Amino acid sequence: MKTEIESVNPEQTKKIAKNLAQEIISHPCFSKAFIVGLKGDLGGGKTTFVQGFASGLGIKDKITSPTFVLLKRFKIKSKKFKNFYHIDCYRMEGIKDFKELGLKEIISKPENIIAVEWVEKAEKLLPKGFLKIEFQFLGKKRRRLKFLCR
Ligand code: ADP
Ligand code: MG
């Protein structure tokens with residue numbers, strides 16, 4: 001995968017995310033949960049990305065911003081992966097919240113896939129080697145998605 005992709009509309013962002021999700025579930029060889037961390041200003045496209053990503057995991061539920069609940073779990077119907085966790089750290093107050101969510105346990109299981117919005121707030125608490133995607137505004141509908149390994 002290229003390390004930078006330009007998206008010109010929300011549908012394209014969803015398609016990029018969907019393709020990535022399908023790639024991940026077709027290579028289930030991880031020893032821990034697969035983590036995608038999303039960084040970027042409000043309206044950057046993090047939740048839009050998660051909608052496409054969840055669709056690529058075969059999830060039919062509507063994905064909304066979990067800003068007020070911090071974490072939502074969805075079942076995945078695949079052999080290896082069982083759960084998709086959508087986490088939004090916007091209101092996260094620190095390590096205490098992180099512990100209350102039971103994230104350590106969620107991260108330890110290779111059957112879980114996790115997407116974390118506002119990942120910069122939780123970055124120090126995540127294991128090394130997760131996929132980070134940074135969203136930059138280029139225009140009204142244009143966004144740059146930058147892929148990094150953290
Ligand atoms: P965030 O979760 O980062 O705050 P959202 O995904 O909730 O962002 O919102 C992104 C907004 O920007 C949506 O209203 C979406 O329709 C719009 N948008 C316009 N162009 C794009 C694009 N290329 N990719 C993603 N979202 C886009
Ligand atoms: Mg969001």
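Reader: How many bridges join strand 4 to strand 5, and do they run parallel or antiparallel?
Author: There are 6 bridges between strand 4 and strand 5 (residues 112–117), and the two run parallel. Strands here are DSSP runs of E, at least two residues long, and helices are runs of H or I, at least four long, numbered from the N terminus. Two strands pair if DSSP finds at least two bridges between them.
Author: Two notes before we go on. This is a predicted model, where local features need pLDDT of at least 70, side-chain atom pairs count only at pLDDT 80 or more, and totals for chains, interfaces and linings use all residues. Residues are numbered from 1 along each chain as its sequence is written, chains are lettered from A and ligands numbered from 1 in the order in which they are written, and side-chain values use heavy atoms, with hydrogens and water left out.
Reader: Got it. Which residue stands opposite Ile 87 in strand 5?
Author: Val 116. Strand 3 (residues 71–75) and strand 4 run antiparallel, joined by 5 bridges.
Reader: Is strand 4 enclosed or open, and why?
Author: Largely enclosed by the rest of the structure, because 6 of its 6 residues (83–88) are buried. Buried means under 20% relative accessible area, exposed over 50%, and partly exposed in between (1.4 Å probe, protein chains only).
Reader: Which residues sit on each side of strand 4?
Author: Asn 83, Tyr 85 and Ile 87 are on one side, and Phe 84, His 86 and Asp 88 are on the other. Both faces are covered. In a regular strand, side chains alternate between the two faces of the sheet.
Reader: Now strand 2. What does it pair with?
Author: Strand 2 joins strand 5 through 5 bridges, running parallel. With strand 6 it pairs over 4 bridges, in the parallel sense. Leu 38 has Glu 117 as its bridge partner in strand 5, while Gly 37 has Lys 132 in strand 6. Strand 2 is largely enclosed too, because 5 of its 6 residues are buried.
Reader: Switching topic. What makes up the largest nonpolar core?
Author: That core has 27 residues. A nonpolar core is a set of buried Ala, Val, Leu, Ile, Met, Phe, Trp, Tyr and Cys residues joined through side-chain atoms within 4.5 Å. Among those with the most contacts inside it are Val 36, Phe 49, Phe 84 and Ile 133.
Reader: Which helix gives the most to this core?
Author: Helix 1, with 5 residues.
Reader: And the ligand? Which residues come nearest to ligand 1?
Author: Thr 13, Gly 43, Lys 46, Thr 48 and Lys 141, out of 17 around it. A residue counts as near if one of its heavy atoms lies within 4 Å.
Reader: What polar backbone contacts does ligand 1 have?
Author: One of its oxygen atoms is 2.8 Å from a polar backbone atom of Gly 43. A nitrogen atom of ligand 1 is 2.8 Å from a polar backbone atom of Lys 141. A polar contact is a pair of N or O atoms within 3.5 Å.
Reader: Which element gives the largest share of the shell around ligand 1?
Author: Helix 2, with 3 residues.

Note on methods: A polar contact is a pair of N or O atoms within 3.5 Å; within protein, one must be able to donate a hydrogen and the other to accept it, and residues adjacent in sequence count only if both atoms are side-chain atoms.
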